[in-house]
Amino acid sequence: MATENIVDHVRGALQPLADPEQARRMSDYLRGQFPFLGIPTPQRRAAIGKIGADLDQPTLLDAAERLWDLPQREYKYAAADMLAGAARRLDADALAPLIALAQREPWWDTVDALAGVVGTIVRRQRAADPRAVQAMDDALLHPSLWVRRIAMLHQRGWRLETDEARLFRYALALANEEDFFLRKAIGWALRDYARWNPPAFAAFLAEHRGRFAPLTVREASRHMEAED
């Protein structure tokens with residue numbers, strides 16, 4: 001399927017489902033920053049179906065960018081879903097375009113979706129291609145807080161495949177950040193790993209608790225507190 005056909009397919013599937021009242025509520029949830037069609041996730045995914053499975057990497061990225069150009073947020077979600085479905089086929093060359101995409105009309109909703117795609121690529125490519133991990137080291141120092149958030153979150157879901165040293169190093173590197181979304185991201189990333197290696201997490205937090213904002217510590221410790 002060509003890029004134009006994918007965009008036409010997604011638009012044709014979603015536009016008839018537009019709900020102005022739901023669109024207003026969805027926009028309000030994101031502080032009124034972005035327009036919506038007003039289509040909840042289950043209906044959006046059911047209407048679009050699986051797309052992009054037959055696309056090569058350049059065409060897939062081009063289609064995602066074209067969908068990202070459309071104003072309503074659901075088109076960006078559709079692009080992120082398409083990328084997530086193909087993430088296991090993408091290589092390190094896709095990381096720079098994905099990081100660039102994350103900076104276009106960024107907020108936690110699209111950034112976190114792309115962080116998952118980036119994480120899948122890095123997880124699969126890190127042994128074979130050193131550019132994958134280097135891209136995350138570079139992202140950690142990026143001027144955009146949203147790119148730094150991707151660096152912090154990209155190992156979520158890796159379980160015991162998590163690069164513990166890198167996770168802890170990233171957390172400490174961002175410990176002085178004052179932004180709410182970065183403080184939350186540090187806590188979420190640490191909490192995700194804590195589920196799989198509680199002793200390592202507990203030792204890390206015991207040593208460095210004072211360096212993190214209270215919000216970060218609360219988020220990081222929530223899973224452990226639930227088990228007490």
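This is a predicted model: local features need pLDDT of at least 70, side-chain atom pairs count only at pLDDT 80 or more; totals for chains, interfaces and linings use all residues.

Q: How is the protein divided into domains?

A: Into domain 1 (1-89), domain 2 (91-154) and domain 3 (175-227).

Q: Take domain 2 and domain 3. How far apart are their C-alpha centres?

A: The C-alpha centres of those two domains are 21 Å apart.

Q: And how many residues are in contact there?

A: Domain 2 puts in 9 residues and domain 3 puts in 8.

Q: What area do domain 2 and domain 3 bury between them, and how much of it is on carbon and sulfur?

A: About 770 Å² is buried between domain 2 and domain 3, with 75% of that on carbon and sulfur atoms.

Q: How many salt bridges does the rule find across that interface?

A: The rule finds 1 salt bridge between domain 2 and domain 3. Arg-148 and Glu-177 form a salt bridge through their side chains, at 2.8 Å from N to O.

Q: Why does that pair count?

A: The cut-off for such a nitrogen-oxygen pair is 4 Å, and the Arg-148 to Glu-177 distance is 2.8 Å.

Q: What about polar contacts, how many residue pairs?

A: Between domain 2 and domain 3 there are 2 residue pairs in polar contact, both at pLDDT 80 or more.

Q: Which helices supply the domain 2 side?

A: α7 (108-125) and α9 (145-153) each give at least two residues to the side of domain 2 that touches domain 3. The largest share, 6 residues, comes from α9.

Q: Where is Glu-105, and is it buried or partly exposed?

A: Glu-105 sits in the loop between α6 (95-102) and α7. Its relative accessibility is 37%, so Glu-105 counts as partly exposed.

Q: Now Arg-159, what phi does that one have?

A: Arg-159, also not a glycine, has a positive phi of about 55°.

Q: Which loop holds Arg-159, and what is its relative accessible area?

A: Arg-159 is in the loop between α9 and α10 (164-173). With a relative accessible area of 47%, Arg-159 is partly exposed.

Conventions. Residues are numbered from 1 along each chain as its sequence is written. Side-chain values use heavy atoms; hydrogens and water are left out. Domain bounds come from an automatic or database domain assignment. Contact means heavy atoms within 4.5 Å. Buried area is the accessible area (1.4 Å probe) that two parts lose on being put together, summed over both. A polar contact is a pair of N or O atoms within 3.5 Å; within protein, one must be able to donate a hydrogen and the other to accept it, and residues adjacent in sequence count only if both atoms are side-chain atoms. Helices (H or I, at least four residues) and strands (E, at least two) are DSSP runs, numbered from the N terminus. Buried means under 20% relative accessible area, exposed over 50%, partly exposed in between (1.4 Å probe, protein chains only).
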